[in-house]
Amino acid sequence: MLDIIFAELIVAAIITFFVREKLAAIIAFFMSLLPLLALLDWASNYGFAIINLGIESHMKIYLAGVTLHLAITPLSWFFALMILPLFPVIMLFSYSFFKENDGFFALMLLSLLATFGILLSRDMLSLFLFWEMMSWSSFLLVYRSKDRNAIMSYLIFSVFAAFAILFGIIILWHENSSLLLSDILNISGKPGFIAIASLITGFAVKAVIMPLHAWAPFVYSKCDESFVAFLAGGLSKLGYYGMFLFLFSLKGVDILQSYMTNVSWNYLLAVFGALSAFFATLIAILQDDLRKLLAYSSIGQLGYIAIGFGIGTPLAITGALFQAFNHAFFKAILFLTAGIVAYRTGKWKISELGGLAYKMPFTFMAALFAIFALAAIPITSGFAAKWLIYEAAIQQKYVFIAPIMLIAGVGAFLYSFRILYGVFLGENRHDNVEEAPKSMIAALFILVMPLMIFVVFPGYMLDLMKPALQAAGMESIAHTKFAIETSLAKYNSIAVLITLMVAMIPAFIIYKARKHRVTSFEDNYLAGEPYELHKPSMHAANNFYKPLKKVVLPYLEPGATHYFEKIYNGIKCASNAVRRVYTGYVQDYAIYVVLFLLFIVGWLIWI
Amino acid sequence: MNLATLTLPCYITVAALLSIGLYGVISKRNLMKIFISLSIMETGVNLLLITIGYIPGGTAPIENANFAKYVDPLPQALVLTAIVIGLSVTALAIAVLISYYQKNGTLEYKEGMKW
Amino acid sequence: MVNHPVLLIAIPLLTAFIIPIFKKYGAAIAGGAIAFNMGYAIGMFSHIYSNGKIYETIAGFNPPVGIFLAIDALSALLALIINLFAFINFVAIGKESNYKFSMLYLLAIAGSTGIVITGDIFNMFVFFEITAVASYALIAGKKDKKALEGAIKYMVLGSIASSFILIGIALIYSQLKTLNIYDIAARIASMNANIKWASFAMLLTGIGVEAEIFPLNGWVPAAYQGASEGVASLLSFAPSKAAIYAIARLMLVVFPFHATYEIALWIGVVTLIIGELAAFMQEDVKRMLAYSSIGQMGLILVAFSLASQGLKYALMASLFLIVSHAASKSSLFLLSKSEKMYGMAGKYTGIVSVLSLIGMPPLAGFWGKWYLMLSAMDEKLWYVIILIFFAGIVETAYFARYLHRSIGKDGESSLRYKAAMAAMASFAIIFGLLPLLYKIASLPLWGG
Amino acid sequence: MDMIGMAIKIAILIAYAIIGTCVGLLFMGIGRKIIARVHNRVGPPFYQNFIDVAKLLSKKTNISHGWIFDLALLFSISGILLTLLFLPIGGAQLLSMDGDAFLVLYLLAIPALGFALGAGASGNPNAGVGVMRALVMMLSYELPFVITLIALMIYYDTTSLATIVKMQSIDGIKSWAITMPPFMIAAFAADMALQGMLMEQPFDIPVAPHEIASGPMVEFGGKYLGSLMLYKAIALVAETTLFVDLFLGGGVVMHSGVMAAIINFFVWLGLIFLLFVLSILIAASFPRFRIEQAFGFYWKYEAIIAAISLIWVYIMVIK
Amino acid sequence: MGLHNGDKMMRYEEWSKLARKASKKSLWMVHFCTGCGAVEMPPVMTSRYDAERFGITSMATPRQADVLLITGYLTVKTLRRVIQVYEQMQSPKYVIAFGSCTINGGMYWDSYNTIKHLEKYIPVDLYIAGCMPRPEGIINAFIKLMKLIDEGKARGWEKYQKYYDRYKENQRRVFNFEIKEEQKEEKNEEH
């Protein structure tokens, strides 16, 4: 069945490449449902009790003389549920997003294929093949942005990641003389350590962990938002999928520990995660470009997943997976919202936007909900995820990570409000803006649904990830439908929600007791100055967090990008030095030839 | 004079020709001279081939009555080929040089010229 | 019918000499000859692929005395690649060319094919010279300053190289009295060690000039920059591939020693690093591609040197790398005709070529790097792996810059030019997906 | 749980919500009185804030700026009541078993975010600036606060406020956290954070009335302003209670029996009153910090103080 | 508001009585201090006279305020702002005009640019005569206003709604002011 799906996706990709954009969107929409439906079909064949069942079923595909082993596992099932729904939604969104068909849908379908392949692959070669396929298909999507930094940084970092992963894979292959994932068991010591470490490094590039994040702001801020929604929502999760696969499912943690037992390697990952959560949040607060802000916020939010993996207890991993799930959806919503905003106004600078909330209320509501999820407000499922990670950090007494993480959580409020105020509230600056097309709104609200469901029933999410955890040999934490209980405390979602509703009653009474009159935007207090007279700028969005910037910026100034630029310049210098060898004079070259001859003769005869 | 003693001077000549050729290529500042040096090198190589094929006391490998001892015919065939090739390269080189001269007005090395 | 490899050389050679008679139809005749050659190469390849090697003696003399062609699946593949790309390239540029160009083109093809399929070391030299002379003339054919400069550089270095090759041959002959490669290989142990090494050094240096290995490749940037696109494209897939194959044969068949392996490995690595680094800062597209070619040749040399250790994966790696490089570079050189890419076809040609060179699956370049890594891992060459990774990243960086720079409106070009470009690039995909190269590497090769 | 138990619980919750509101308004009035005394004035009567709220809620005109503006009213009151009910107050646990300190921390954000939304929706630039300042202030004071919070959590090995209170009340006053040296330091940092949380004087730049026209509230009047006053009153109780729960054993001095409940309630009331008076006195005697100064104060000095206590506690726990 | 039903009327009266009681004890003022009278406000608010003991505090914006305190001299230019502020206040709202300038132009009575009779443009509930009035006078005025509110006599805001057109006419005469649609709506709604 899988090979048919792959073939169909490729054919669909080719077709969508040539047809008009609307038709392409429709075809792409239905084709992108295919893998999801296949998985659901699979699940239903096993009964929907898949939740309690580890499925392992193999499928082989032959390519260039190599056999690819594919199978669905509990882990891939969970990640598929997280990532694959994004594709149809993005296709739906893109139905009216593009003015012409320049290959977006075809490439997205290829990305989908690659994603599907990554999730299903059971040997390292096919994992790498599909991983790289995803790299280049997403690179081609990045390429459409025509931005130098985005194109260069994405390609270079992708290739770096690919090499790191390749390095790990070939070491594992060499040690085990097998490429099957199920065979990576009897490896330890230094090679195992290097292999796992380089694999994690490679995945960390796509998972946007802080020192390796430098590509993300460029790419996220310059590409089509509908693609970035996948990039931030889906692709980054694949990095964490890889990490989970090698660290927990394949016991990479033990391999790491077997090399040097007195160092906690996990902790390192957690520290990097915490630092990226913290610094990315601070940087995000100071951004003015909406997409850049969202990019840094993505880095920050993904940092929590890294922290969860770094802490490594079942509690933390549950939280991390939960956070990954949430992030896939709310960040997709936010980027799609940015897409809508750009689609309607053509602007990305927050200081140039404003007042869109009343023009596009549905977009605003979806964005508001996503922002609540991002800021982990307990009326969305975003809270439960972060709560689990916090609990885990406290449980493990990680006194360095916990405060950083918490303060980053507070920082999230700041940039959340920046988006809300700068884009949707404040001065109304766009007179001719309408609500987004229906397909876009539909896409947004489809994405909102899981966030709503899992706030009421956080237990269901835990049920969903239970097989994956069990397959990795971890106990699921105690929970009911509504409540999660750890050794430290309990979180009861329904208590919060019902109390909130009840507490709404007095507020509502006050609200309804007195009539109110809705006044126009112009009727605003300006120290008595009538608005019509001078029409002053009413938007305080320019350089919004100026006081904070003044304090914080000096400490953020030499960022990671700076160091990458230094490396780049170093290579430039080396390149210039090497180019000096090629003097351009044929007589020099003749001397080289003679010297080379002498060198070879010397080597062979005397050494 | 014993012909057996002839190989050593031949090798010395080969070495000398090669060295002179290489020296010319490396040091001369005129393209024409460089190509002349290359020709000298080729001559040296050709001489080497012939010397290798030479068997002391052998005659030319032409079928005749006293066909007892003759030098190795193959190197001579090789040399013929090599000479033809060398000729063609030289011819082409001169054609290119003429063209180059028409473009630049000189075959001497000048400041700022790259070749 | 398809077991007379000599036709692969004879037809283009003969046609080349007929062409000056029919000046007006020169290009058409040349096209026909190349098409025939391509078809014949395909037929011969499939024949050899299924039936095994072909040996052909010429003019009735038996080896080791007579001239002798030995073709296994590998050399048939290279002949196929050379002729195939030659045909596609000729489709792209042939229409504008005059009869002189066509003649030289045919000579270059005949020479390159000859290098690949000959079993005689002196023949190899002759074919080298044919290729080289044709190439000099082709490069100079553009007749502007740059082209002449490139031609002169190539000519000087090429002449020195030919002298060295000849000296190497002479040294071998002086000891073994034979020119047949397999005969030499069989008796190499009986050679005086010093002369053996000296001859190897001479041959390596001589062929290395053609194979663009460091530091013998001074002519490369100038020649590629000076030559017209079609010629640069030709240079990138015909002579250089033939030469690297010749080096591989020297290493694997004639001098299969550990010392030669080490030398080749290190020269390969150094060439790779130097080439990629030099390309990194190049502003001129053709020069950049030329330096990149140098780097790729280094990579192929590394693969071949590992293959000389009897590693099956390394052989696969070198095959994939050769195919990938031939397909990508030739299409990229064609693409470099204009600053910007030619619309959709040009864009995807460029992207596919670049991705294949960088090593993205499932393109051919990926399999090359993958198998190279596997075999390097088998030899535990950590530093080589890391250096290759580093070079790969540098390569990625300048190709990313290249890709960004060449975004733009359509340049002017004919449909057939575009189609030829795309066809060349598509071979990177085709060979990446087909298990052909994978299977060739497991056939019995190299033997006498 | 049976129906009667449920009903009783709901009744208790409602009672505490009302008590919280009244206590908050009362304290605010008392606070004004105290400040007036410090200023050598007579000051308004202690019930002044009840009058103010009544007046505001009885205004005839209420000007709104659209439905998002109204969210401020809805979210501020409901959110802060929700927060209050998730805190253990005196002896009563209320809903604190269903959540923990992290939940409270995030619940506190609901009214703040709702309020900020409303302020932003008004379209007044002063509101935007005010909210910005409030958020930066929040970022500032949260750092020392979360560090002390984590110190406590690590020491008691729980995140649940109810459990923290329970463990502190084992031995009456002697087992309160503040009696331990590291937590004395922590309490100092947390009290400074509380000052910021309450937006009292050194840290009241977000609402600076004469600079940015009372900041976020600039467009709020009538029932909107009234609800915000209610929010502020309840928030005052909630935030001081959080401090009391963390450091002062939640005001629990006795264990079982009706008498104990009453005594605990009054101890709690006294403690939050003391805390409030302390903060009012600080407010009355210090001038206002600029936002950068406040940020520096919290992230340099206070954070270091809090970190010392955290490290101390960590060493204690590790041993 | 539908006041036809007698019961409803009663309830409304009772409620409004209560509301007036609260309102009078909590007079939040916004003072329009372009005139020189503003200098008298600090003593009123600070420890010497301490207006806060009557529940009087100063507010930053008209949205929050009940009392508009106009401290003296008004020009055509400032009148526009006064009206803007007044209209932004939320009823019930009261106006206290302060100093002789607001009554008759004071010492600037013969200037071309002076607003001589504030009464013509917005309804003034209370005047404080004098140049300057002392803080005692101001507090006295507030107490008077409280009494008026308690008695239900401080109905300037209702007057403004009732005679909106006339006020606007007068305002337009001073500056070419056009009646805004929304204020018409406000008038219609609140009557």
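## Confidence of the model

Chain D has an average pLDDT of 85, with 99% of its residues scoring at least 70. The structure described here is a predicted model, and the model as a whole scores ipTM 0.85 and pTM 0.88.

## The contact between chains A and D

Six pairs of chains are in contact, and among these pairs chains A and D share the most contacts. On this interface, 68 residues of chain D are in contact with 63 residues of chain A. Several elements of chain D each supply at least two residues to the side that touches chain A, namely β1 (63-64), α3 (67-85), α4 (101-107), α5 (109-121), α6 (125-156), α10 (223-247) and α12 (291-318). Helix α6(D) gives the most to that side, with 16 residues. Sorted by class, the side of chain D that touches chain A holds 42 nonpolar, 18 polar and eight charged residues.

## The contact between chains A and C

Chain A is also in contact with chain C, where 57 residues of chain C meet 46 residues of chain A. Helix α17 of chain C (residues 382-405) provides the largest share of the side of chain C that touches chain A, namely 11 residues. By class, that side of chain C comprises 46 nonpolar, seven polar and four charged residues.

## Helix packing within chain A

Inside chain A, helix α15 (residues 361-374) packs with helix α17 (residues 401-424) at an angle of about 170°, and the axes of the two helices are 10 Å apart. Because of this angle, α15(A) is roughly antiparallel to α17(A). On the α15(A) side the contact is made by F364(A), A367(A), L368(A), I371(A) and L374(A), while α17(A) contributes A412(A), S416(A), I419(A), L420(A) and F424(A). The residues of this contact of α15(A) with α17(A) divide into nine nonpolar, one polar and no charged.

Chain C and chain D are joined by no contact, and their closest C-alpha atoms lie 40 Å apart. Chain B and chain E likewise have no contact joining them, with their closest C-alpha atoms 77 Å apart. Chain A, by contrast, has residues in contact with chain D and with chain C.

Terms used:
Residues are numbered from 1 along each chain as its sequence is written. Chains are lettered from A and ligands numbered from 1 in the order in which they are written. This is a predicted model: local features need pLDDT of at least 70, side-chain atom pairs count only at pLDDT 80 or more; totals for chains, interfaces and linings use all residues. pLDDT is the predictor's confidence in each residue, from 0 to 100. Axes are lines fitted to C-alpha atoms, for helices over the stretch in contact, and angles run from 0 to 180 degrees between N-to-C directions. Helices (H or I, at least four residues) and strands (E, at least two) are DSSP runs, numbered from the N terminus. Angles under 35 degrees count as roughly parallel, over 145 as roughly antiparallel, 65 to 115 as roughly perpendicular and the rest as oblique. Two residues are in contact if their C-beta atoms, placed from the backbone, lie within 7 Å. Ala, Val, Leu, Ile, Met, Phe, Trp, Tyr, Cys and Pro count as nonpolar, Asp, Glu, Lys and Arg as charged, and the others, Gly among them, as polar.
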